[in-house]
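Let's take a friendly walk through one protein chain. Have the sequence and the 3D view ready, and follow along one stop at a time.

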Amino acid sequence: MGQALPLFISSKFSEILSKNQLDTFAKVWDYKVNWFEEPNERRGGWSGVGRINIKQSDGSEIGAFLKKQDKHCRTSFLHPVKGVPTFQREFEMMQYLANKRVKAPEVLFFGRNPLGDLKTTLMTKELAGFFPLEELTEKLFADKRPAISQQRPVISAVAAFARQLHSIKIQHRSFYPKHLFVNMTNQNAPEIAVIDLEKSRINVIPAMRTLIDLTTLNRHAKYWSKTRRMSFYLQYLGLKRLTPYAKWMCRMIIKRSNRVKHN
């Protein structure tokens, strides 16, 4: 007999999912959605995501994102030939981050087709109250006279989050401002969450986690001044001033950022 394909239904939302006819792979796969992003066709398959509303018993609704894909795989050390669906890798990373108390979208449902093909679904709860760092940066950093008092907590929160993520040996590998979400309910202590985890992986080399992810963030963090960038970097490292290693890493990040820009 073949190995059972993974299926996950959130115990917290199982009753609601059942009432909305979203409690089996077949029902979730057949559920019609308006694509939030048009399906990507690559790696011999396709992958897409849409937003849905899930009705609760009191009449209110929960926003969620429903992802579907078929024959959209990525190879790994454990699966070097056939690979595994990218949404399965993302689901496993989300569960790992949840166990480590690192904020990411909450998984409501994940399933592989029990018939044995590569059709895969992943449903996550919307990050209500969160906005992309990319949008927040435009609002707080683009002005010629930005509110420094508003910038500093955001910089500190992003630095602390990056440090937390890397402390559990995770390299995001797509650490763009559009993949970092910020909740500004408490403006003095913003909350950060991360999305788009299908490329993420464990990397046991600290320098590589820092170099790759911070290069991506540095390259795309528009409007951050040199002072704000250095403040972020020092807080990420937990330092008050640069050590020889920190100076070397800083030069490497800048060099790599410039090289990618020019390519």
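## A buried threonine

Thr216 is buried, with a relative accessible area of 9%. Here, buried means under 20% relative accessible area, exposed means over 50%, and partly exposed is in between, using a 1.4 Å probe and protein chains only. You will find Thr216 in helix α6. Leaving aside neighbours within four places in sequence, Thr216 is in contact with Ser174, Phe175 and Tyr176, where contact means heavy atoms within 4.5 Å.

Before going on, a word about the model: it is predicted, so local features need pLDDT of at least 70 and side-chain atom pairs count only at pLDDT 80 or more, while totals for chains, interfaces and linings use all residues. Residues are numbered from 1 along each chain as its sequence is written, and side-chain values use heavy atoms, with hydrogens and water left out.

## The whole chain

How many helices and strands does the chain have? There are eight helices and 13 strands. Both are DSSP runs numbered from the N terminus: helices are H or I with at least four residues, and strands are E with at least two. The radius of gyration is 20 Å, close to the 18 Å that the globule rule gives for 263 residues, so the chain is as compact as a globular protein of that length. That radius is taken over C-alpha atoms, and the rule is 2.2 Å times the number of residues to the power 0.38.

Along its principal axes, the C-alpha trace spans about 55 × 45 × 30 Å. Of the 263 residues, 44% are buried. Among contacts with a separation of 6 or more, 64% are between residues 24 or more positions apart.

## Two helices side by side

Now look at helix α6 (residues 206–220) and helix α7 (residues 226–237), whose axes come within 12 Å and cross at roughly 155 degrees. That makes α6 roughly antiparallel to α7; angles under 35 degrees count as roughly parallel, over 145 as roughly antiparallel, 65 to 115 as roughly perpendicular and the rest as oblique. The axes are lines fitted to C-alpha atoms, for helices over the stretch in contact, with angles from 0 to 180 degrees between N-to-C directions.

Which residues meet here? From α6 come Thr210, Leu214, Leu217 and Asn218, and they meet Arg229, Phe232, Tyr233 and Tyr236 in α7. By class, this contact has five nonpolar, two polar and one charged residues. Ala, Val, Leu, Ile, Met, Phe, Trp, Tyr, Cys and Pro count as nonpolar, Asp, Glu, Lys and Arg as charged, and the others, Gly among them, as polar.

## Loops to look at

Tyr223 sits in the loop between α6 and α7. Its phi is near 75 degrees, a positive value in a residue other than glycine, and Tyr223 is partly exposed at 37% relative accessible area. Gln21, in the loop between α1 (14–19) and α2 (25–30), also has a positive phi, near 55 degrees.

Lys119 lies in the loop between β7 (107–112) and β8 (120–125). Not counting residues up to four places away in sequence, Lys119 touches several residues, including Phe25, Trp29 and Asp70.

## A buried methionine

Is Met94 buried or exposed? Met94 is buried, with a relative accessible area of 4%, and belongs to helix α3 (residues 86–99). Beyond its neighbours within four places in sequence, Met94 is in contact with Pro105, Val107, Thr124 and Leu197.
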